[in-house]
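Hello,

Here is the structure I promised to pass on to you. Have a look at it first, and then read my notes below.

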Amino acid sequence: MKHLSQFIFSPIGSKIIMALAGTMIFLFLIGHVLGNLLIFNGSDSLNTYAHWLQNNPLLWVFRLTMLGLLSLHIFIALRLYIQNKYARPISYQVDKDIQLGFSEKTMIVSGLLIFIFIIFHIGHLTLGWLPTTSLAIDNNIKMVNVYENIVNGFQVSWVALFYIVSMLIIGLHLHHSLKSLFQTLGFHNHNLHWLVYRLTPIMIAVLVLAFISIPAAVLMGWIQ
Amino acid sequence: MADYKIKVWRQSPLGIGPGGGEGPGGKEGKFETYTINNIDSDLSFLEMLDILNQQLLQENNIPIAFDHDCREGICGACSLVINGVPHGPESSTTTCQLYMRHFEHNSTIIVEPFRAKAFPVIQDLVVDRSAFDRIMQAGGYISVHTGAATDANTVLIAKQSADDAFTAATCIGCGACVAACKNASAMLFVAAKTSQLGLLPQGQPEKTNRTLKMVQQMQLEGFGNCSNHYECEAACPKNIPASYIAQLNKDFLISSFTNKEFECQNDNCYES
Ligand code: FES
């Protein structure tokens, strides 16, 4: 136990935990997008799937786990961020980036924007804060009409645009995260370069485009 | 021959200068700009500073303090952040090996000390890098018996391991990695120093203790954490790759769960 707490508060250990929590969230996103894509299979598919999820006995176990992982990820990130700021109390007159990329530089900002998005997203579709969302049981199909909530929601163009921009920000955040993951967990084999620098950007692009396809399709009127 | 404006950081943290007074730059420090003319393009950056100091002395001013020793790129004593880059704009080059031909005639060159909480300014451009020494004392060694040296090659070492350890061992401990890192993290230094021993058979007995102790000391000195930006790798005059940091991460993970001896000095290992 003592070893574990030493590990958690160490500079490297906390990063490893942040990386692992982030990875779990990333895996969740893959599952999430696969479920979302059912919308292209018509309202029945999506509604039945959503109904199964909502009535799943493990729903709250899952939700609390995700909440825990997200809080852990954010807590460690902020803690590291503050420590890092303390490590250089006086900044440089000329603060030049030698090779630093945009994604690397904006992790804390993209992270905060994603957090805001998550709150909005849960408020929008799960808690029904927007008038376009109805949480009542639809009499025709005897379940909540998630399909209609999504379509009605995204027909409001600012909502759809907000989702699209947020997905791009998630892509930006993931761009640095996935590369970092291998470094933080200690994989640095040359054979992995291909995986890290070629495959992960493609994975991120596919994920982000799959998410974006839904608000985009509603905006274009392909899904009604 | 070229002329330059040198905008340089001057600070006397103790608040005392030679011959009384509060010393150049005062306690808090500030930038001063000096003009220097007729500089030969084949002079090194430090030689240019020598000439500037001579000029300051002749004008009855206090010369600028800066660190240097070998002036041939092998000791790690020289430092300086020149126009925002540790050791200046040329890659794989220490400040002492940087030549004035890389700077345009009539340009302003901004010279700052390495900035980090763990590297406090002693005077002007000289910073205290003894934090690195304390990290080394925490575990950057191997214990061997004294007596006759064993025959060469009694312990066989794979070529790849020998090469990797050697690359790590080219670290001259100058601190450019800390200066370049947005978080003032010393991870590349610690990674190089743990790897140069940990990749060889002679470094195995103390490996887990060494890794844990050096990482702990790094944190206690007030360096930041690694954000995988790799600015350190880009600034390193010896081109040590950031993959050594991945090696350190892996070693630390394994050491944390296999080492039974390591004990923290205080309740919380990582906060002084
Ligand atoms: S003075 Fe020795 S490395 Fe520059």
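Apart from neighbours within four places in sequence, B:Gly222 is in contact with A:Ala87, B:Lys117 and B:Ala118 (contact means heavy atoms within 4.5 Å). B:Gly222 sits in the loop between α6 (207-220) and α7 (231-235) of chain B; helices are DSSP runs of H or I with at least four residues, numbered from the N terminus. B:Gly222 counts as buried because its relative accessibility is 15%, and buried means under 20% relative accessible area with a 1.4 Å probe, protein chains only.

A word on the basis: this is a predicted model, where local features need pLDDT of at least 70 and side-chain atom pairs pLDDT 80 or more, while totals for chains, interfaces and linings use all residues. Residues are numbered from 1 along each chain, chains are lettered from A and ligands numbered from 1 in the order written, and side-chain values use heavy atoms, without hydrogens and water.

Now to the two chains. The contact involves 40 residues of chain A and 58 residues of chain B. Together they bury about 4,100 Å², 54% of it on carbon and sulfur atoms; this is the accessible area (1.4 Å probe) that two parts lose on being put together, summed over both. On the side of chain A, A:Ile12, A:Tyr92 and A:Gln183 lose the most area to chain B, together 16% of what that side buries.

How many salt bridges are there between chain A and chain B? The count is two, with a side-chain nitrogen of Lys or Arg within 4 Å of a carboxyl oxygen of Asp or Glu. B:Lys182 forms a salt bridge with A:Asp95, with 3.1 Å between the closest N and O atoms.

Best wishes

Definitions and conventions. Helices (H or I, at least four residues) and strands (E, at least two) are DSSP runs, numbered from the N terminus. Buried means under 20% relative accessible area, exposed over 50%, partly exposed in between (1.4 Å probe, protein chains only).
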